[in-house]
Amino acid sequence: MKRKLLFLLLLPFCAFAQIPAYYSSIDFNQTGDNLKNQISTLIINTHTTEIPYTSSSTDVWDALKLSDLDPDNASNVLLFYGFDDSDAVTKNDRVRSKDDSCHSSSCVGLWNREHVFAKSLATPPLSTSDPGAGTDAHNLRACDGQMNSSRSNRAYEDGSGNATITANGNFYPGDEWKGDVARIIMYMYLRYPSRCASTDIGIGETTYSPNGDMPNIFLEWNEEDPVSEYELNRNVVLENIQGNRNPFIDNPYLATIIWNGPSAEDRWNTLSTEDFSLTQLDLYPTQTSDYVQISNPENRIFEYTVYNTSGQEVITTTSNDVVDLSDKQDGLYFVHMKTENSMKTIKIVKTARAN
């Protein structure tokens, strides 16, 4: 009740006016694929300028020397995956002079342009020969040359601490950068949906998203590593150059609405309205051989959909307080509950009935 009251008191100051005009064509009452497709259309249609990778005119180098500046020193760029400026090792540097860009065969001590969605993992591979998907600056970050070589075209895998090659030979971008990676991959998937599948570059399960099209790690990283002022500033710079924005930087909660998973920050304070809907809904027991009861003390009108681990929809119903799994195979299921304003996903396990 206190949270409801606080929300009402703050309503005149809340973010109904904070959703940028860039999103005026989007119907935020939509969720899932409907919202995903609208946002995809928006960032495709507003990408009005494609810049060359290297040119005597404005190119990717010029863009990164504006977008990737160190907030504490505009003479430097921040180095993606970097984490330590205190030792003599240059590979792990976090900042470097923006003028120390690599234009030769050896990039030791210099920075170059990292494709966050690796070129070779797209279908077809991204090309930098002409302006296009391979020169989209939303996917490019300033990175130490040796660090860039170590990452190579490795897919991303979960980990902890600083950037490293994982035990499986994949790549963990580091605690500071994993949210940036997630939001860039989400952007690339929506900007180039038939070419840059997120499942081609993220390792692990895809059980949060009903269609299985977004790896869990990216949804988790998006929530665990919130958007920084650096990312926000970068989004503005690149909009001025290319015409389009990365929506998941403007509001990470868009990913939650589209693909479920952990509830990321709602930077507009308008899309996540749990106080008015699903906070009182719960399931019990979460391990059952037949039925799961939905606790609904406020008698909310809601819809729920049950998915199996392959992302297949197995049950859809409205305002039924019992989930009947009695005729379903044993295993893990995801109950996705939603109202007009919010959504909630809970895992349940169907087990064999005891003899």
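**Close-up 1. Ser40 and its contacts in a predicted model.** Ser40 touches Leu190 and Pro193, leaving aside residues up to four places away in sequence; a contact here means heavy atoms within 4.5 Å. Ser40 lies in helix H2, where helices are DSSP runs of H or I with at least four residues, strands are runs of E with at least two, and both are numbered from the N terminus. With 10% relative accessibility, Ser40 counts as buried. Buried means under 20% relative accessible area, exposed means over 50%, and partly exposed is in between, with a 1.4 Å probe and protein chains only. This is a predicted model, in which local features need pLDDT of at least 70 and side-chain atom pairs count only at pLDDT 80 or more, while totals for chains, interfaces and linings use all residues. Residues are numbered from 1 along each chain as its sequence is written, and side-chain values use heavy atoms, with hydrogens and water left out.

**Close-up 2. Helix H2 and its buried side.** H2 covers residues 32-45, and its 14 residues reach 20 Å from the first C-alpha to the last, close to the 20 Å expected at 1.5 Å a residue. That expected span is 1.5 Å times one less than the number of residues. Which residues of H2 are buried? They are Gly32, Leu35, Lys36, Ile39, Ser40, Leu42 and Ile43. These residues cover an arc of only 160° around the axis, which puts them on the same side of H2; the arc is that of the directions from the helix axis to the C-beta atoms. The buried residues of H2 pack against helix H5 (178-191), helix H8 (247-250) and helix H9 (253-259).

**Close-up 3. Helix H5, one of the partners of H2.** All the way along, 14 of the 14 residues of H5 are buried, so this helix is largely enclosed by the rest of the structure. The end C-alpha atoms of H5 are 20 Å apart, in agreement with the 20 Å that 14 residues should span at 1.5 Å a residue.

**Close-up 4. Helices H3 and H7 packed together.** H3 (residues 60-67) and H7 (residues 229-242) pack at an angle of about 145°, and their axes are 9 Å apart. Axes are lines fitted to C-alpha atoms, for helices over the stretch in contact, and angles run from 0 to 180 degrees between N-to-C directions. From H3, the contact is made by Ala63, Leu64, Leu66 and Ser67; from H7, by Tyr230, Arg234, Val237, Leu238 and Ile241.
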